[in-house]
Amino acid sequence: MRGIELAKQKHIITASGNKLESQMFTENRHDHAVRTRAYALAESGRFHAVREIEQALVGEGWPGAGTVLQSGYVRQAIAERLASHSH
């Protein structure tokens, strides 16, 4: 959701026409990719905490991983995956 909110803010401040649609799609696609990777890491069984997932994403070079993971919804979804895949 953070990417959508950010895209809306850009619309108010700077974007116009097709440029807005392109910015929204790019930001949402990036956020989606970060979330998908975070979920995959959580389901791998190698991690035990959301913070570990965040550190792994940063280590893999995902820009803005911390920002994407600030969402309570995303953190909860990761925590649930961690719990269901813990050894």
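I started with helix H5, residues 72–84, in what is a predicted model. At 1.5 Å a residue, its 13 residues should span 18 Å, and I found the end C-alpha atoms 18 Å apart, so the two values agree.

Next I asked myself which residues of H5 are buried. They are Val 74, Ala 77, Ile 78 and Leu 82. Looking down the axis of H5, I saw that the buried residues fall within an arc of 140°, so they line one face of the helix. On the other side of H5, I noted Gly 72, Tyr 73, Ala 83 and Ser 84 as exposed.

I also checked the start of H5, where a side-chain oxygen of Ser 71 comes to within 3.2 Å of the backbone nitrogen of Tyr 73.

Then I turned to the largest nonpolar core, which has 17 residues. Ile 53, Leu 57, Ile 78 and Leu 82 have the most contacts inside it. Helices H2 (18–43), H3 (50–60), H4 (65–68) and H5 each give two or more residues to this core. The largest share, five residues, comes from H2.

Last, I stepped back to the whole chain. I counted five helices and zero strands, and of the 87 residues, 32% count as buried. Among contacts with a separation of 6 or more, 57% join residues 24 or more positions apart.

Notes: Residues are numbered from 1 along each chain as its sequence is written. This is a predicted model: local features need pLDDT of at least 70, side-chain atom pairs count only at pLDDT 80 or more; totals for chains, interfaces and linings use all residues. Side-chain values use heavy atoms; hydrogens and water are left out. Helices (H or I, at least four residues) and strands (E, at least two) are DSSP runs, numbered from the N terminus. The expected span of a helix is 1.5 Å times one less than its number of residues. Buried means under 20% relative accessible area, exposed over 50%, partly exposed in between (1.4 Å probe, protein chains only). The arc is that of the directions from the helix axis to the C-beta atoms. A polar contact is a pair of N or O atoms within 3.5 Å; within protein, one must be able to donate a hydrogen and the other to accept it, and residues adjacent in sequence count only if both atoms are side-chain atoms. A nonpolar core is a set of buried Ala, Val, Leu, Ile, Met, Phe, Trp, Tyr and Cys residues joined through side-chain atoms within 4.5 Å. Contact means heavy atoms within 4.5 Å.
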